[in-house]
Amino acid sequence: MSDIYYHFIRINDAGQPFLGYDDNRIVQVGETITVDGEPELCAYGLHASKRAIDALQYASGRHVAMCKVTLGGIVKHSNDKSTAQERTIVR
């Protein structure tokens, strides 16, 4: 089993979770989201944190939901967050 991380995702006015930063893809539980290229912390990739309290500091938007996720592909870590090429919402 892969490590579990936390990510706060934005919720649009229709109640659908979607990606930020002008991506706007609607996402759902069980779906794996991918990006091309090498992830860079604070700049590019699909971010998440090992601890929910760390993920909370990066939550933005009027409406958000906490997700449990796994990360895949190239993954880079720092003290309070990680970024990856793949993020799967497991809950």
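Biologist: In which strand does Ser 82 lie?

Modeller: The model is predicted, so local features need pLDDT of at least 70 and side-chain atom pairs count only at pLDDT 80 or more, while totals for chains, interfaces and linings use all residues. Residues are numbered from 1 along each chain as its sequence is written, and side-chain values use heavy atoms, with hydrogens and water left out. Helices (H or I, at least four residues) and strands (E, at least two) are DSSP runs numbered from the N terminus. On that basis, Ser 82 lies in strand S6.

Biologist: Is Ser 82 buried or exposed?

Modeller: Buried means under 20% relative accessible area, exposed over 50%, and partly exposed in between, with a 1.4 Å probe and protein chains only. Contact means heavy atoms within 4.5 Å. Not counting residues up to four places away in sequence, Ser 82 touches Tyr 5, Leu 41, Leu 46, His 47, Ala 48, Leu 71, Val 75, Lys 76 and His 77. Because its relative accessible area is 4%, Ser 82 is buried.

Biologist: Which side chain is joined to that of Ser 82 by a polar contact?

Modeller: A polar contact is a pair of N or O atoms within 3.5 Å; within protein, one must be able to donate a hydrogen and the other to accept it, and residues adjacent in sequence count only if both atoms are side-chain atoms. The contact here has a length of 2.6 Å, and the partner of Ser 82 is His 77.

Biologist: Which side chain makes a polar contact with that of Thr 88?

Modeller: Thr 88 is placed in strand S6, residues 82–89, and counts as buried because its relative accessibility is 17%. Beyond four places in sequence, its contacts are Gly 30, Glu 31, Thr 32, Lys 68, Val 69 and Thr 70. The polar contact of the Thr 88 side chain, at 2.6 Å, is with the side chain of Thr 32.

Biologist: What separates the C-alpha atoms of Thr 88 and Val 69?

Modeller: Val 69 is among the residues in contact with Thr 88. Along the chain the two are 19 residues apart, and their C-alpha atoms are separated by 5.3 Å.

Biologist: What is the phi of Cys 42?

Modeller: Cys 42 lies in the loop between S3 and S4. Although Cys 42 is not a glycine, its phi is positive, at about 65°.

Biologist: In which loop does Asn 24 lie?

Modeller: Asn 24 also has a positive phi, near 65°, in a residue other than glycine. Asn 24 is partly exposed, with a relative accessible area of 45%. Its loop is the one between strand S2 (17–18) and strand S3 (32–34).

Biologist: Which residue's side chain is joined to that of Asp 54 by a polar contact?

Modeller: Asp 54 is found in helix H1, residues 52–56, and counts as buried because its relative accessibility is 11%. Not counting residues up to four places away in sequence, Asp 54 touches Ser 49 and Asp 80. Its side chain is joined by a polar contact of 2.9 Å to that of Arg 51.

Biologist: Over which ring does the charged end of Lys 50 sit?

Modeller: A charge sits over a ring if NZ of Lys or CZ of Arg is within 6 Å of the ring centre and within 35 degrees of the ring normal. The charged end of Lys 50 lies 4.9 Å from the centre of the ring in question, that of Tyr 5.
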